[in-house]
Amino acid sequence: MKFFLDTADVSAIKLINELGVVDGVTTNPSIISKEGRDFETVIKEICQIVDGPVSAEVTGEAAEDMIAEARSIAQWAPNVVVKIPMTTEGLKAVNVLSREGIKTNVTLIFTVSQGLMAIKAGATYISPFVGRLEDIGTDAYQLIADLRAIIDFYDYDAKIIAASIRNTVHVEEVAKLGAHIATIPDALFAKMTQHPLTAQGLEIFAKDWAAFKQ
Ligand code: E4P
């Protein structure tokens, strides 16, 4: 399973990348806007830090606008992936871009049908949103399991990026269900290394070691 970082915070990406667990990065317009810096500059910086795929989202709504934006974003770095929203215009764009060899990540997926449409249009990645589905009381885990079963059954190349990950249980569950990738906010990475018993154990070891040395 791969872990992507769901942030555009370059300092956080540099720090977490040192752990050797980061396989890529995803961003969206909300994430980019938090940085208060130029979109292209931020994405280029991230692409230099992380070897794996870095998703940068288009903001146009018509297929031709998305295609033009995507062609330009694709020039920014060899590892850039263009994020396209799950709309009919988005699918038209994905169809054209995939034929040009431009990698796409179709975002805002909430149903199996949407996932299937994105896969068939030629998406490299599909991003079902776990947290946002849970927010409206819908079973997001079933969606992940169903999409993985379909990809395996038909031997599709598309990979699932479980997105809108909010806590460690989300990461653990999507891992068990076969999401190829989980995209995780930087703050959550720290929590994934921690447990109160680990901290307590370290305290006990340090205390016992100090007593032994005396
Ligand atoms: C990443 O691809 C998504 O845009 C992101 O995970 C959405 O997360 P949120 O629902 O917490 O905003």
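Select Ile 161 and Ile 181. Ile 181 sits in strand β8 and is the bridge partner of Ile 161. This is a predicted model, so read each stop as a prediction. Now widen the selection to strand β7, residues 159-162. Strands β7 and β8 run parallel, joined by two bridges. Follow the chain from β7 onward: the path goes through helix α9, residues 168-177, and then into β8. This β-α-β crossover is right-handed.

Next, select strand β1, residues 2-6. Strand β1 pairs with β8 in the parallel sense, over four bridges. Pick out Lys 2: its bridge partner in β8 is Ile 181.

Step along to Pro 185, in the loop between β8 and α10 (186-191). Pro 185 is partly exposed, with a relative accessible area of 25%. What does Pro 185 touch, not counting residues up to four places away in sequence? The answer is Leu 5, Asp 6 and Ile 165. Now draw a distance from the C-alpha atom of Pro 185 to that of Ala 158. These atoms are 22 Å apart, and the two residues are 27 apart along the chain.

**Ser 164**

Go to the loop between β7 and α9 and select Ser 164. Check the backbone here: phi is about 55 degrees, a positive value, although Ser 164 is not a glycine. Most residues other than glycine have a negative phi. Ser 164 is also buried, with a relative accessible area of 10%.

**Ser 127 and Leu 108**

Select Ser 127 in strand β6, residues 125-128. Is Ser 127 buried or exposed? With a relative accessibility of 2%, Ser 127 counts as buried. Show its contacts, leaving aside neighbours within four places in sequence. They are Asn 105, Val 106, Thr 107, Leu 108, Ile 109, Ile 161 and Ala 163. Ile 161 is a residue from the opening stop, where it bridges to Ile 181.

Take Leu 108 from that list of contacts. Leu 108 lies in strand β5. Its phi is near 65 degrees, which is positive in a residue other than glycine. Leu 108 is partly exposed, at 33% relative accessibility.

**Two helices side by side**

Show helix α6, residues 112-121, together with α8. Two packed helices are described by the angle between their axes and the distance between the axes. For α6 and α8, the angle is about 35 degrees and the axes are 10 Å apart. The crossing of α6 past α8 is right-handed. Which residues make the contact? From α6, select Val 112, Gly 115, Leu 116 and Ile 119.

**Salt bridges**

How many salt bridges does the structure hold? There are eight. Side chains of opposite charge can pair when their charged atoms come close. Three of these pairs follow, including one in α8.

Remain on α8 and show Asp 152 and Arg 148. Their side chains meet in a salt bridge, 3.0 Å from N to O. The two residues are four apart in helix α8 (residues 140-154), so about one helical turn separates them. Both are partly exposed: Asp 152 at 44% relative accessibility, Arg 148 at 24%.

Move to helix α3, residues 39-49, and select Lys 44 and Glu 40. Their closest N and O atoms are 2.7 Å apart in a salt bridge. Here too the residues are four apart, so the separation is about one helical turn. Lys 44 is partly exposed, with a relative accessible area of 35%. Glu 40 is partly exposed as well, at 30%.

Finish with Arg 71 and Glu 100, whose side chains form a salt bridge of 2.5 Å, N to O. This pair links distant parts of the chain, 29 residues apart. Arg 71 belongs to helix α4, residues 63-73. Glu 100 lies in the loop between α5 (88-99) and β5 (104-109). Arg 71 counts as partly exposed at 39% relative accessibility, and Glu 100 does so at 38%.

How values were computed: Residues numbered from 1 in each chain as written. Predicted model: local features only at pLDDT ≥ 70, side-chain atom pairs only at ≥ 80, totals over all residues. Heavy atoms only, no water. Pairing = 2+ DSSP bridges. Right-handed = clockwise from strand over helix to strand, strands pointing away. Salt bridge = Lys/Arg side-chain N within 4 Å of Asp/Glu carboxyl O. Buried < 20%, exposed > 50% of the residue type's maximum accessible area, 1.4 Å probe, protein only. Axes fitted to C-alpha atoms, helices over the stretch in contact; angles between N-to-C directions. Left-handed = near helix turned anticlockwise from the far one by under 90°. Contact = heavy atoms within 4.5 Å.
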